[in-house]
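Trainee: I have a model to go through. Can we take it piece by piece?

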Amino acid sequence: MPLRSDLRKVLVIGSGPIAIGQSAEFDYAGTQACQALQEEGLEVVLVNSNPATIMTDNAVADRVYLEPLTPETVARILRAERPDGLLATFGGQTGLNIAVELDRMGVLEEVGVEVLGTSLEAIMKAEDRELFRSLMHRIGEPVPESLSVASFEQAQAFAQEIGLPIIVRPAYTLGGTGGGIAEDMASLQRIVEQGVQASPIGQVLVERSIAGFKEVEYEVIRDSGNNRIVICNMENFDPVGVHTGDSIVVAPSQTLSDGDYQLLRTSSLNIVEAIGIEGGCNVQFALDPHSDQYYLIEVNPRVSRSSALASKATGYPIAKIAAKIAIGYALDEIRNPVTGKTSAFFEPALDYVVTKIPRWPFDKFADADRRLSTQMKATGEVMAIERTFEASLLKAIRSLEIGLDSLDLPGTDELEEREIERRLGQADDERLFLLGEALRREWSTERLHDLSGIDLWFLNKLERIVRTVQGIEQEGLGANRVLQAKRMNVPDTAIARAAGLIERDVREFRKGVGVRPVYKMVDTCAAEFDAATPYYYSTYEEEEEGSPTSDRPKCLILGSGPIRIGQGIEFDYCTVQAIEAIKQAGYEAIIINNNPETVSTDFNTSDRLYFEPLHLEDVLHVIEREQPEGVIVQFGGQTAINLAAPLAELGVRIIGTQVDDIDRAEDRERFDRLLADLGIPRPLGKTFYQKEQALKVAEELGYPVVVRPSYVLGGRAMEVVSNERELLRYMAKAAQINEDHPVLVDRYISGIEVEVDAISDGHNVLVPGIMEHVERAGVHSGDSIAVYPPQRLSEEQKRTIVDYTTRIAQALQVQGIVNIQYVLDDEQVYVIEVNPRSSRTVPWLSKITRVPILGIATRALLGQSLLEQDLPTGLWPEPTDRVDVKVPVFSFLKLIGVDSTLGPEMKSTGEVIGRGRTLDEALYNGLLAAGFPFVQRGRNTLLTLLSSEVREEEEGVLEQVSELGLALQEGDSLSTDEIVQQIRSGGVQFLLTVHNRQKEKSTRLMAIREAAIQRGVPVFTSFDTFRAYGAARRIFLRGVELPITCMMAATSVRQPTSVG
Amino acid sequence: MCARLILENGAVFEGRSFGADGESFGEVVFTTGMTGYQEILTDPSYCGQIVTMTYPLIGNYGVHPDHQESKGPQVRGFVVREFAELPSHWKNQENIDSYLKAAGIVGLADIDTRKLTKIIRQSGTLGGVITTLDTPTADYVHRLQSGAHRIERPVYEVTATDTEHHPGDRLRVIAIDYGMKRGILRSLHGRGLDVTVVPADTTAEDILERKPHGVFLSNGPGDPEEYGELVGHIKRLIGQVPLFGICLGHQLIAKACGARTERLPFGHRGSNHPVKDLLTGHCVITSQNHGYVVQDDSLVGTGLEVTHINLNDGSIEGLQHTEHPCFSVQYHPEARPGPTDSDELFDRFMKMMKAFGEEERDALAI
């Protein structure tokens, strides 16, 4: 079946903000889908509320709606656009849920739009537990006994019949939100109730636990002619019981015999046929480690995180092919994107091992429950490719950027045996390293297997790593020992530690004995056919592949690694845009990155992709092979910036702002000197290197003060402290303070916070926009609602900001991009910090100002001045007829134990855009897109918990509550239990808790906030955020539909007439 | 201990020895299957060959009698990137090292198998030797250049010596064993067919005398051009009895009808070969292991038509006779290793036998 001739225009639904369970993989999938449709000459209309995505660029879609992903909004877009088809299987669970809802509302029929690809009926067969179970029974596929229930009583009856443990899975939720394994009736009650709450249809599935089975996934594609292929299978290192998004995963499976492999492969093909998949599908199995018995765990009738991983692991672009199938093609009619000659109907053969390790946010959330279960907690993941499991695993570990480079986790050698035993039995983010420690203690692999349920095959491999490193510890370097270690891809840093040397010694020794990596190609076919995919990984073998020669000069750009709190998809957006600009400037763009979810690691994005850790040694090896003109570090977040100095020290040229200037921006004392020289004020602050100095310094500055370690990402470990006691407590917690790790203390200014992104060629400076934060200083900029253009700034203040920005950029000789944060105290403007790199606001700001910030910045750092680019200096003209906001989105529901109060530590995982003619309209759209409820009917109770100290900040906001249609209830006199009970029973719709920082952490408030989050009740911890909601709610109550705005491809950049 | 692989073009790979010691000559081929190493080792079609696994980690789930496709390993040598000393699987009985040692098969590990694969892909299948001896490389190259790795008519090394009867209550099938995999017998016998396995050189008359409902022609090693006498037997079967051929059986049927075969540059070996059924338009993933193929332009006047093609290189994957009950495929519907997507071909064979039986009865009635 060729391309359908009745299709002209297709609407694609994106996945919205990044949250745990729904991350950058849908930008990758959506971008591929849009490109696949455009290639066929179709007009692509896209709706997505996430401005930090590549898919929302006009180069990818013809018409882009940055609007809230609600069924109502999408319905309006459908009515306005009247597309022929709707693609809903590329926007994760969000996309599916909207399509199902639009169908239920009758909108699809009304507009006459057809759901392309897998039909809604088929989707329901996979998503509705009962329909799915009965279908599987009919085709003879085993599913564990289970029952859909809506209450604990029903679950209890089932548990009495089947026996415990029982797995609880809420229906229609992201990443298994609200689910878990119940070992006893008490936990069953807790998990069922929380799951019923989390499920939009108030339903959970209770199911026989198959914990301990092997977990295996198949990525399948089927076309409408029932041609079916398996792109990849994957085996979880962790047995069933840990959410697959939280599992270490290898591809292909390692411990399955051909019989096992084919048994599950055949089953997955039968399942996609029975469901009627037309596109991509993920099938998860549990396989008994002691027999041929298997069970189906679940089926995702769409592209997913796993399909992104499978695409990167094999080189087969699943989303792109699934999109082609949706518009009519059969698999054998689609050209094989790797060979360019044969068809897309083939199954990749791998000749390497891929390991994925999730990236968890526990480094930022020290209080979180770090145990892993059926509810996903990871924010991102890394992938590594090597020829053996040991090597692939070790590469993945150092790609995580958690300060570890092997199986050694400092401190584990002090743990008690019992503690290790306990933690091996209950998976957490550190289990891999505890296994390493247990092996160092000579525990047998059998014992580890009994404790963890992890297959002996994996444990034997871990043991080999540990013994190899121990060999070096005992006998030092030796040509053969080093070669063996490098064959396992043990990094020089770990070898050096084992040998009691420094990294450089090992590097020199290794070079002396001729041990260096070669690069091999990911070609989907295990070298069976000639391929030219510019997609490489390193290994310690003989043959080097793919000549690095080029007729163009080469630029190496460093990516941003795994998605984590503080470093999200925005940096991938920046990287991809920069690559585009590098190519346009006539260079060959080479990238190193290791995040399988992203667009930047699509091998079509750059001229050459090195799927490698962003670790000094690995980066150096690529540089040695490629010999680029230089390295660009400005777009890959702190990951890339942190590599600048060590690379420069080894003689690598950094393109753009120089390392010394980067250091002047990041080193507090040098930065202070710079500002003093420029006569630019910043809040009084000091650096100290010993705990004892803390009190004296704080006393001098006056409380409250902001304390934080230097060189941090996303405000990690930053706190505002109000008195001596709090400061002492902070000092006690902050583990490392020494000459290398000083602590910074600043006077806390509670004013309007503002940030700018600016572009400079070293002389001239262009400020695309000033962004104002809704929340006052003290809330991390990434967690604040940002507003453009600023609403509360005087012209004088703006002029000052532009002046400071210009002078700082000039003084730092910024070539490229810089982000500066300011705080306003009355008319006084203070600089808070300078980030000599691209920031998380850049994608949003480029989209709303239509200034191609990344293109301009990239050209500037490659040496093309702003003048040569025909660009002005100073502030880009601000619009007078519209306002945009960026609203943060949080994933607290997934992270038990994390305090949801906003403060100087960043906590959000994603963001959405809100657009309007006025600030209030923009806030309404933004907060709606972020998931805040706007409902008029029924109960609308606002419960407040306010300490007396903060009431002065309230500024009359509570008086207006009744105007907002909310019933105000003051909760300060109620007991914790009473409040929690009221929240659980649905008696509270909004919670406003504002306290001074000391009281914030009280167990009472923590318990209340957690109950609210579990119940989906919005929690406001700042009057500013609540005021913004109030403004938005007034727009909502007016009941007038706001215009929806479509971004179309810009024909040219608007030339500014005035300069601020 | 060290071992070397020396190719006839002079290339040398030094690695770690596993399996047996000594030296062993063979044609060096590669297979891309990621699982199924024991099935590959024991597939008689690999007789005379040194097999390289492109997937780097081999032996992970150990060895078990259920995975045997014949009585034991048939390869001349085995080359892997890494073999598992400590396999893990509930069926595991021993590791691949001791298994190959016991069978006297020489293995080589820890070499850059991707480099070797690319050499084979670029220069075509080559002769080679794996050795743990100190014999100079030049001597080996000399011996390889004079054909030390070649064996003639390997079918006769692997075919059954005696007739073997597997009783069943349904149709009677004679299976001609050119090196038949056990999986094929399972697929036939598992359907209730009464299967008699006969040696490769069994004559048409001997076969017809047993009054079979159908004759199956198995896979097997070697160049179909070398088996003129076997082709002769098949000629006398076509039209007399329904025929189904797999792999070498397919090639021999084609030759019996007058078509020609040719050598593929480096063969099709793996579990992921895409095949399109030209009659239905449906595509399947198949398991393959062959170095020769039926020539496309030699079919004119043979009465054969192409039913299946390979989507990678367009080569012939399936044929059927336009007049007689006879069809064949180049790939392995019995899987083991590989996908079972084409299992229904055995049902097609059964249907063909039934239909032929009815036609015959009708003919007798007249």
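Trainee: Which residues does Ile557(A) touch, not counting residues up to four places away in sequence?
Mentor: This is a predicted model, in which local features need pLDDT of at least 70, side-chain atom pairs count only at pLDDT 80 or more, and totals for chains, interfaces and linings use all residues. Residues are numbered from 1 along each chain as its sequence is written, and chains are lettered from A and ligands numbered from 1 in the order in which they are written. A contact puts two C-beta atoms, placed from the backbone, within 7 Å. On that basis Ile557(A) touches Thr575(A), Ala578(A), Ile579(A), Ile582(A), Ala589(A), Ile591(A), Ile632(A) and Phe635(A).

Trainee: Which residues touch the most other members of the largest nonpolar core?
Mentor: A nonpolar core joins buried Ala, Val, Leu, Ile, Met, Phe, Trp, Tyr and Cys residues through C-beta atoms within 7 Å. Buried means 20 or more other C-beta atoms within 10 Å of a residue's own, exposed means 12 or fewer, partly exposed is in between, and C-beta atoms are placed from the backbone. The core has 424 residues, and the two that touch the most other members are Val12(A) and Ile557(A).

Trainee: Which helix gives the largest share of this core?
Mentor: Helices are DSSP runs of H or I, at least four residues, and strands are runs of E, at least two, numbered from the N terminus. The largest share is 9 residues, from residues 569–584 of chain A, helix α20.

Trainee: How is the radius of gyration of chain B to be read against the globule rule?
Mentor: Chain B has 10 helices and 19 strands. The radius is taken over C-alpha atoms, and the rule is 2.2 Å times the number of residues to the power 0.38. For 366 residues the rule gives 21 Å, close to the radius of chain B, so the chain is as compact as a globular protein of that length, at 21 Å.

Trainee: Which strands stand at the edges of the open sheet in chain B?
Mentor: The sheet has 10 strands in the order β10-β12-β11-β13-β14-β19-β18-β17-β15-β16, with mixed pairing. Strands pair if DSSP finds at least two bridges between them. Two strands have a single partner each, so one side of each is left without a neighbour in the sheet: β10 and β16.

Trainee: How many bridges join β15(B) to β16(B)?
Mentor: The two strands run antiparallel. Gly270(B) stands opposite Gln288(B) in β16(B). The bridges number 10.

Trainee: Which element gives the largest share of the side of chain B that touches chain A?
Mentor: The contact takes 39 residues from chain B and 43 residues from chain A. Elements of chain B giving two or more residues are α3, β15 and β16. The largest share is 5 residues, from α3(B).
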